[in-house]
Structures are given as structure tokens and as C-alpha cells.
Amino acid sequence: MMETDSREKTLRMAANVLEYRHRSSRALYQRLLEKGAEEQDAAYAVARLQQLGFLNDGEYGKLLVRDLCRRGYGPGRIRQYLKEKQLDGPDIDIAMEDYVFLPEKLQAYIDSKLRGQTPDRKALKRVADGLFRRGFSWGTVQSALRDYTDSLELEETP
């Protein structure tokens, strides 16, 4: 009877934690331990919530991927973020299936940094570094910066 009470209490605690913010299974388990739950009770609560469909790492990852795409992040940074949120490799792969490259977000970032000015080498490096930190590959960055400078040249040509 005592074990059941402890499990139910931990299950309610887990539901409260998820009500506040979505988490991965592993992050929820860790949070329950931090809040004083016993290991077996935390494991039970995580398993039960998964069984009931309230905790799904793949769907949670997809939600994060869609949000980060809209915010203009590249695949490298998104994968890193998913790892930080304690998602496992297979769940990260499932989530990344929803990744959509949004070139307009990349161009908006470049425009916000360069403000329509013809950039010098130092400014281009600064923007490229920022795009790398946002998770874009060298090829993508190079192409986007080339498009930007080409568009400036077209505007200047009578």
C-alpha cells in the first residue's frame, strides 16, 4: 500500500512538472529525482506517462524542431539543442525529419546584420560566424552570403 501511495504521488508530481513545461523522458526522470522522488517511483511515473501517451520524446522533439526552424536555426544547432534537452539519438533523428530549411530566415538574419550595406571582409566573417553558431553548414552560409552580395550588385547596376 505504501509503495502504491509513493508511486501515485510521484505520478502526480510528474504530471505537474509536465503541465508547467514539456520535457523529454530523461529530463522528466531527472527532475523527479531532484524533487525527491525515489528512483523506482520516478521510473514508474515516466513509463506510465509514456504508456498513457502524455510523454513522447519523438513528438516533443518535432515540436522543438518546428519552433527552432521558425526562429531561423540551422540543423547543426537544432541537433545540439535536442541533445541539451536530453533526447536520444533515434528520437533526434525522428524529430529532424520535420526540419525545413527556410531561406528567408537566413536572409533576414543577414539583412539585420548588414542592413543593406556593402560588407567588407570583416563584416562578412562576423555574419558567417553568426550563421555557423546558428547551425548552418559552410556551403549554406557561403551560398547565402553570395546571394546577398549579388543582390546588392544588381541594385547598384543601372
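Visitor: Hi! Does Thr118 count as buried or exposed?

Guide: Hello! Thr118 counts as exposed, at 60% relative accessibility. Keep in mind that this is a predicted model.

Visitor: Where does Thr118 lie?

Guide: You'll find Thr118 in the loop between H7 and H8.

Visitor: OK, confidence next. What is the mean pLDDT of the chain?

Guide: The chain averages 90, and 95% of its residues reach 70 or more. By element, the highest mean belongs to H5, at 96, and the lowest to H9, at 83.

Visitor: Let's go inside. How many residues has the largest nonpolar core?

Guide: There are 26 residues in that core, and Val65, Ile78, Leu82, Ile110 and Leu131 have the most contacts inside it. Two or more residues come from each of helices H4 (57-70), H5 (75-84), H6 (89-96), H7 (103-114), H8 (121-133) and H9 (138-156).

Visitor: Which residues does Ile110 touch, not counting those up to four places away in sequence?

Guide: Ile110 touches Arg115, Val127, Leu131, Ala144, Leu145 and Tyr148. There is also a second, separate core of 13 residues, with Leu28, Leu32, Ala42 and Leu49 among them.

Visitor: Tell me about H4. Which of its residues are buried?

Guide: The buried set in H4 is Asp57, Gly58, Tyr60, Gly61, Lys62, Leu64, Val65, Leu68 and Cys69. These residues pack against helix H2 (25-34), H5, H6 and H7.

Visitor: What caps the N-terminal end of H4?

Guide: Asn56 does: one of its side-chain oxygens lies 3.0 Å from the backbone nitrogen of Gly58. After H4 comes Gly72, with a positive phi near 90°.

Visitor: Which residue other than glycine has a positive phi near 65°?

Guide: That would be Gln86, in the loop between H5 and H6. Gln86 is partly exposed, with a relative accessible area of 27%.

Visitor: Back to H2 for a moment. Is Ser25 buried or exposed?

Guide: Ser25, in helix H2, has a relative accessibility of 8%, so Ser25 counts as buried. The cut-off for buried is under 20%.

Visitor: And what is Ser25 in contact with, leaving aside neighbours within four places in sequence?

Guide: Its contacts are Val46, Gln50, Leu55 and Asp57. Asp57 is also one of the buried residues of H4.

Visitor: Last topic, rings. How many aromatic pairs does the structure hold?

Guide: It holds 2. One of them joins Phe101 and Phe136: the ring centres are 6.2 Å apart and the planes are at 75°, so this pair is edge-to-face.

Visitor: Where in the chain are Phe101 and Phe136?

Guide: Phe101 is in the loop between H6 and H7, while Phe136 is in the loop between H8 and H9; with 35 residues from one to the other, the pair links distant parts of the chain.

Visitor: What about the relative accessible area of Phe101 and of Phe136?

Guide: Phe101 has 38% and is partly exposed, whereas Phe136 has 8% and is buried.

Definitions and conventions:
Residues are numbered from 1 along each chain as its sequence is written. This is a predicted model: local features need pLDDT of at least 70, side-chain atom pairs count only at pLDDT 80 or more; totals for chains, interfaces and linings use all residues. Side-chain values use heavy atoms; hydrogens and water are left out. A nonpolar core is a set of buried Ala, Val, Leu, Ile, Met, Phe, Trp, Tyr and Cys residues joined through side-chain atoms within 4.5 Å. Buried means under 20% relative accessible area, exposed over 50%, partly exposed in between (1.4 Å probe, protein chains only). Helices (H or I, at least four residues) and strands (E, at least two) are DSSP runs, numbered from the N terminus. Contact means heavy atoms within 4.5 Å. A polar contact is a pair of N or O atoms within 3.5 Å; within protein, one must be able to donate a hydrogen and the other to accept it, and residues adjacent in sequence count only if both atoms are side-chain atoms. pLDDT is the predictor's confidence in each residue, from 0 to 100. Rings of Phe, Tyr and Trp (its six-membered ring) pair if their centres lie within 6.5 Å; planes under 30 degrees apart count as stacked, over 60 as edge-to-face and the rest as tilted.
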